[in-house]
Amino acid sequence: NVIVDMVSALTKENTEELQNRIKRINSTLATLGLNQTTLLRNANKYNNPLVGAAFTPIEFDKDLDEKYQKLADGLERWNGLRRLNEILPLGKPVNAQITSNFGTRKDPFTGKPKKHRGIDFAGKIGTELLAVAPGRVVSAGERVGYGTTVEIDHGLGFTTLYAHLSRILVSRGNWVRPGTVIGLAGSSGRSTGPHLHYEIRYKGSPFDPTKFVKEE
């Protein structure tokens with residue numbers, strides 16, 4: 001029982017720390033129709049070569065002391081949060097200033113209002129651009145308007161897209177870890193100058209990634 005109490009206390013402490021990291025994106029998740037309970041369950045079920053095998057919940061006999069099941073539930077929640085922190089594309093793809101936010105803005109070519117589907121980071125041609133979470137490259141090549149582009153699938157419905165690159169350093173099908181250089185900044189496609197256009201998409205639809213890239 002002493003061991004159970006110690007593990008329970010450690011799990012609770014670590015869970016709170018992980019929970020605080022996810023807290024900043026809760027409002028964004030809500031706009032996508034997601035809640036943490038569903039995401040934690042899906043994170044525990046998810047598996048790939050980089051995040052490892054799915055987590056199997058522990059079920060105890062109901063005749064045993066209920067603290068054992070509480071411990072198992074705590075471990076399941078802690079593991080879900082740990083995996084969620086690893087899977088979700090949290091953090092900046094480049095250490096640079098944001099020059100244009102998500103949402104309606106004046107189109108730099110036409111001057112008319114137009115929806116900007118991502119955020120832009122300042123950058124010189126050749127600046128290294130990084131994967132922010134483990135994932136698999138699902139496309140690497142030219143896209144109309146986007147120029148030279150890389151898109152990475154992180155699982156749970158989330159992908160990241162890097163546009164206007166000068167060079168691609170990964171291939172379709174590659175698995176990438178956080179910090180992998182996926183390409184170099186440029187000004188290819190519909191671009192007025194060197195920068196990174198960065199999108200995070202859920203089930204193929206771009207959403208405001210500001211809280212995902214914000215580092216606190």
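Among contacts (heavy atoms within 4.5 Å) between residues at least 6 apart in sequence, 66% join residues at least 24 apart. The model is predicted, so local features need pLDDT of at least 70 and side-chain atom pairs count only at pLDDT 80 or more, whereas totals for chains, interfaces and linings use all residues. Residues are numbered from 1 along each chain as its sequence is written, and side-chain values use heavy atoms, with hydrogens and water left out. The protein has five helices and twelve strands, taken as DSSP runs (H or I of at least four residues for helices, E of at least two for strands) and numbered from the N terminus. Of the 216 residues, 44% are buried; buried denotes under 20% relative accessible area, exposed over 50% and partly exposed in between (1.4 Å probe, protein chains only).

Helix α4 has 22 residues and reaches 31 Å from its first C-alpha to its last, close to the 32 Å expected at 1.5 Å a residue, the expected span being 1.5 Å times one less than the number of residues. Its buried residues include Leu 71, Ala 72, Asn 79, Gly 80 and Leu 81. The axes of α3 (residues 36–45) and α4 (residues 66–87) come within 8 Å and cross at roughly 85°. That makes α3 roughly perpendicular to α4, a term that covers angles of 65 to 115 degrees. Axes are lines fitted to C-alpha atoms, for helices over the stretch in contact, and angles run from 0 to 180 degrees between N-to-C directions. Gln 36, Leu 39, Leu 40, Ala 43 and Asn 44 of α3 meet residues of α4 that include Glu 76, Arg 83 and Ile 87.

Leu 81 of α4 is also among the residues that α3 meets, and its C-alpha atom is separated by 9.5 Å from that of Asn 14, 67 residues away along the chain. Asn 14 belongs to helix α1 (residues 2–23) and counts as partly exposed, at 31% relative accessibility.

Beyond its neighbours within four places in sequence, Ile 182 is in contact with residues including Leu 129, Val 150, Tyr 162 and Val 176.

Positive phi values occur in Leu 156, near 60°, and in His 164, near 70°. His 164 lies in strand β8 and is buried, with a relative accessible area of 5%.

Note on methods
Angles under 35 degrees count as roughly parallel, over 145 as roughly antiparallel, 65 to 115 as roughly perpendicular and the rest as oblique.
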